[in-house]
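Biologist: I have a model open and would like to learn how to read it. Could you walk me through it, beginning with the ligand?

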Amino acid sequence: MLVLGIETSCDETSAAIVEDGRKVLSNVIYSQIDIHHQFGGVVPEIASRKHVEKISYVVDMAFKQAGLTVNDIDAVAATYGPGLVGSLLVGLSFAKALSFSKKLPFVAVNHIEGHIYANFITYPELMPPLIVLVVSGGHTNLIILKDFEEYEVVGKTRDDAAGEAFDKIARYLGLGYPGGPAIDKVAKLGDEDKYKYPVADIDGYNFSFSGLKSAVINHVHGLLQNGEKFKIEDIAASFQKTVVNILVEKTINLSLETDIKKIAVAGGVAANSRLRKEFYEKCTQHNIEFFVPEFKYCTDNAAMIASCGYFKLQKGIVSSYRENAVPYISLVSKKS
Ligand code: ATP
Ligand code: MG
Ligand code: FE
């Protein structure tokens, strides 16, 4: 089954064609990063206008790269939220119109759920049950994926998302947008044990990164005021280590507690080299299998949306054209 996926929730216009949820025939991403970079973050109005300009071209390219035409596909999937409402509307409306005109089933996909499916693309044999940590720009979720479409959200952030913390600290340190890759890069040159930052003791499997963010900012502020010399690399590395440790520790604990010895990470922060390294080490120590998407499927892309759409269709889920763009939706537990 061939599914066309469309993703426009933030600042990437993306279209992909995926076969049977696992095999990517094309995955075209037009990134607006260069445009938003000058503003230090995504400007919603500019983002939606750019999506309007690029969507037809990007979908065309997805068909061209796959060597297919619109008559070859079996369904259309698109992100309906969470994200920027103006941006979401562009991809969602395009997908609905295409599905209607070609009489193809339409599936609305939750962007965060979509991130998880990047793992099923990278590992064609991977099957639930598994523990999933979604760490993206706006979300941090610890999930028990019991089966496709059947999951329990056991933890989330009480305030900032992991990626948001990276972006805010990077901005404060003058490293620019997007902050995650910038911190990852400079942290390699720093001493991660130079500074000890506090991490909030949050209940159970929940997270909190806002206190850590303030601690780092206050620390740097103090160093500046006192005229003390310091290296941004050391700050970035110490901050990154603190975030990584708490994410890995809670995820490993959940795997041990549930005896589900498979961990997958997803979302933009899954691209972080220090996070990947720590997970590999700790999972090996505890005899847990570790899965992480290829870099290109960690951040926003339409292949993961097409994949998620496929598995929904397999479960008999088809969406109505009444499905609207929703800026804020949290991932709620779906148990059978
Ligand atoms: P959401 O998926 O929650 O709606 P989003 O779509 O903006 O948010 P993603 O595309 O999943 O988020 O990922 C972008 C985030 O990932 C940004 O916060 C970015 O800083 C972070 N990120 C990307 N690469 C890295 C990296 N190497 N290290 C740490 N963070 C990273
Ligand atoms: Mg983005
Ligand atoms: Fe995302």
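Modeller: α6 gives the largest share of the shell around ligand 1, four residues. Helices here are DSSP runs (H or I, at least four residues) and strands are too (E, at least two), numbered from the N terminus. Keep in mind that this is a predicted model, in which local features need pLDDT of at least 70 and side-chain atom pairs count only at pLDDT 80 or more, while totals for chains, interfaces and linings use all residues. Residues are numbered from 1 along each chain as its sequence is written, and chains are lettered from A and ligands numbered from 1 in the order in which they are written.

Biologist: How many residues surround ligand 1, and which are the closest?

Modeller: A residue is near a molecule if its C-beta atom, placed from the backbone, lies within 6 Å of it. Ligand 1 is surrounded by 25 residues, and Gly137, Gly138, Gly163, Gly180 and Gly268 are the closest. Two or more shell residues come from each of α4 (111-122), α5 (162-172) and α6 (179-187).

Biologist: What classes of residue make up the shell around ligand 1?

Modeller: Ala, Val, Leu, Ile, Met, Phe, Trp, Tyr, Cys and Pro count as nonpolar, Asp, Glu, Lys and Arg as charged, and the others, Gly among them, as polar. The shell around ligand 1 has 15 polar, seven nonpolar and three charged residues.

Biologist: What does the UniProt annotation "binding site" cover?

Modeller: UniProt positions are given in the numbering used here, with feature names shortened, and annotations may be inferred rather than shown by experiment. The unreviewed entry's "binding site" covers Val134, Val135, Ser136, Gly137, Gly138, Asp167, Gly180, Asp184 and Asn272.

Biologist: Let me take two of those. Where is Gly137, and is Gly137 buried or exposed?

Modeller: Gly137 lies in the loop between β6 (130-135) and β7 (140-147). A residue is buried if 20 or more other C-beta atoms lie within 10 Å of its own, exposed if 12 or fewer, and partly exposed in between, with C-beta atoms placed from the backbone. Gly137 counts as buried because it has 21 C-beta neighbours inside 10 Å. Gly138, in the loop between β6 and β7, is buried with 20 other C-beta atoms within 10 Å.

Biologist: Which residues do Gly137 and Gly138 touch?

Modeller: Two residues are in contact if their C-beta atoms, placed from the backbone, lie within 7 Å. Not counting residues up to four places away in sequence, Gly137 touches Ala161, Gly163, Glu164, Asp167 and Gly268, and Gly138 touches Pro82, Ala161 and Glu164.

Biologist: And the domains: which ones does the assignment give?

Modeller: Domain bounds come from an automatic or database domain assignment. Here they are domain 1 (2-118 + 297-315) and domain 2 (127-293), with centres, taken over C-alpha atoms, 27 Å apart. In domain 1, 16 residues are in contact with 19 residues of domain 2. α4 supplies the largest share of the side of domain 1 that touches domain 2, four residues. Each domain also gives at least three residues to the shell around ligand 1.

Biologist: How do I check the length of α4?

Modeller: The expected span of a helix is 1.5 Å times one less than its number of residues. The twelve residues of α4 should therefore span 16 Å, and its end C-alpha atoms are 18 Å apart, which agrees. Eleven of the twelve residues of α4 are buried, including His111, Glu113 and Tyr117.
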